[in-house]
Amino acid sequence: MFHWLEKHPFFFAVAVFVTIAFAGLIEILPNFAEASRPVIGTKPYSTLELAGRHVYIKNSCNACHSQLVRPFKSETDRYGHYSLSGEYAYDRPFLWGSKRTGPDLMRVGNYRTTDWHENHMKDPAAVVPGSIMPAYPWLFKNTADIDTAYAEMVTVNKVFKTPYNEELPMADGSKATVKMAATLDEAHTDALEEAKVIAADMKDQDVKDAVAAGQIPEIVALIAYLNSLK
């Protein structure tokens with residue numbers, strides 16, 4: 001067999017290619033599958049966080065901000081640990097981004113607060129001198145779309161088996177459960193309870209009044225989402 005291949009260079013090249021390709025698949029696919037598993041401490045998004053993620057996408061925040069910390073010292077010094085595949089297990093779609101007009105936001109929840117985001121969205125240049133980011137005043141008036149967020153939650157749970165209502169291991173050894181409401185009305189109630197926690201740390205009185213009246217401004221949902229990025 002080998003003697004025959006030595007006399008036929010074309011088939012020899014094909015045999016080498018097939019052997020290397022097969023060996024590569026055997027080596028790469030299991031590692032790829034393992035790396036894509038959820039990292040310990042990774043949780044699916046809550047209803048309010050999903051609504052905030054929709055606000056983030058709707059306003060094209062991902063056009064200027066990436067969510068992908070690369071494994072370079074300059075990046076890990078600034079943003080924290082580099083991104084792992086398993087941290088995106090529940091992101092549909094991924095928001096890695098391909099351009100950084102603004103800083104990476106993969107772990108913004110570790111070093112920015114609700115108060116900081118509120119002020120920044122109102123007047124970016126007042127918070128970050130020299131910033132070219134525009135203000136987003138409409139986020140303080142528009143109402144977050146909880147219906148769509150809940151619909152996505154139910155869909156990913158049924159189609160992709162996203163683990164809602166299940167205990168998940170956290171990095172500190174504890175367990176955490178992200179609730180998926182049984183009904184849309186219950187989802188609104190849960191999102192409003194989350195919103196009250198966010199609004200309590202905000203200064204805008206109109207936002208506080210809206211939440212107290214049962215409304216959830218988009219800025220509250222967006223901040224909930226940004227705070228979850230860790």
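Mentor: Helices here are DSSP runs of H or I with at least four residues, numbered from the N terminus. On that basis, and bearing in mind that this is a predicted model, Asp 204 has its place in the loop between helix H8 (184–200) and helix H9 (205–212). With a relative accessible area of 12%, Asp 204 is buried, because buried means under 20%. A polar atom of the Asp 204 side chain lies 3.0 Å from the backbone nitrogen of Val 207; not counting residues up to four places away in sequence, Asp 204 also touches Glu 118, Lys 122 and Phe 140.

Val 207 leads on to Val 220, which, leaving aside its neighbours within four places in sequence, is in contact with Leu 48, Ala 195, Ile 198, Met 202, Val 207 and Val 211. Val 220 is also one of the residues that touch the most other members of the largest nonpolar core, a set of 44 residues, together with Leu 48, Ile 216, Ile 219 and Leu 226. The elements giving two or more residues to this core are helix H3 (47–58), helix H7 (146–159), H8, H9 and helix H10 (218–228), and H10 gives the most, with eight residues.

As for the cysteines, the structure holds zero disulfides. The sulfur of Cys 61 has its closest cysteine sulfur in Cys 64, but the separation is 8.4 Å and therefore too far for a bond. Cys 61 counts as buried at 12% relative accessibility, whereas Cys 64, at 30%, counts as partly exposed.

Definitions and conventions:
Residues are numbered from 1 along each chain as its sequence is written. This is a predicted model: local features need pLDDT of at least 70, side-chain atom pairs count only at pLDDT 80 or more; totals for chains, interfaces and linings use all residues. Side-chain values use heavy atoms; hydrogens and water are left out. Buried means under 20% relative accessible area, exposed over 50%, partly exposed in between (1.4 Å probe, protein chains only). A polar contact is a pair of N or O atoms within 3.5 Å; within protein, one must be able to donate a hydrogen and the other to accept it, and residues adjacent in sequence count only if both atoms are side-chain atoms. Contact means heavy atoms within 4.5 Å. A nonpolar core is a set of buried Ala, Val, Leu, Ile, Met, Phe, Trp, Tyr and Cys residues joined through side-chain atoms within 4.5 Å. A disulfide is a pair of cysteine sulfur atoms within 2.5 Å.
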